[in-house]
Amino acid sequence: ACVDKLAKLLVGLCGDEAGVRLQNPVVLDDESEPEPDVALLHPRDDFYASGHPEPENIYLAIEVADTSLHFDRDVKAPLYAASGVPQLWIVDLKAGAIDVYDEPSAGAYQRIRRLLPGERLVLPLPGGRSLDVADILP
């Protein structure tokens, strides 16, 4: 339900400025094709029919974690950072918070912030569009 809610919110906020892709592969390197729960992508006329998005096509990857928190944080986050995905959100359903990872460098995100309901998530797009953490959590 959280993934569907995120998709609806992001499509409404982004319009034609970004594509919203749900639970489909992104190519990080020759050996890694994770499937983020949501990916916010640079728009393409073919909607990526000619090939999966690569790091330079990704504005934001989002993982929704209930039982997968350790895997998302300890395995997927370093893969996204190493390939240069500029921002990752991990929605921690159990804690009722969203961890924002950005500034990828040397295989890790250099800045990690935990946001709680009432705090704003700013989309990594021009225009400073944002949404409240509470809008995403169940």
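A word to know before the tour: buried means under 20% relative accessible area, exposed means over 50%, and partly exposed lies in between (1.4 Å probe, protein chains only). This is a predicted model, in which local features need pLDDT of at least 70, side-chain atom pairs count only at pLDDT 80 or more, and totals for chains, interfaces and linings use all residues. Residues are numbered from 1 along each chain as its sequence is written, and side-chain values use heavy atoms, leaving out hydrogens and water.

Select C14, which counts as buried at 3% relative accessibility. How many disulfides (pairs of cysteine sulfur atoms within 2.5 Å) does the structure hold? It holds zero. For C2, the closest cysteine sulfur is in C14, 16 Å away, so the two are too far apart for a bond.

**Stop two: the largest core.** A nonpolar core is a set of buried Ala, Val, Leu, Ile, Met, Phe, Trp, Tyr and Cys residues joined through side-chain atoms within 4.5 Å. Select L6, W89, V91, L121, L123 and I136: these have the most contacts inside the largest core, which has 24 residues.

**Stop three: around L6.** Show L6 with V38, I62, V64, V91 and I136, its contacts (heavy atoms within 4.5 Å) once neighbours within four places in sequence are set aside.

**Stop four: a second core.** Finally, pick V26, L28, I58 and Y101, which are among the 17 residues of a second, separate core.

Note on methods:
Disulfide = S-S within 2.5 Å.
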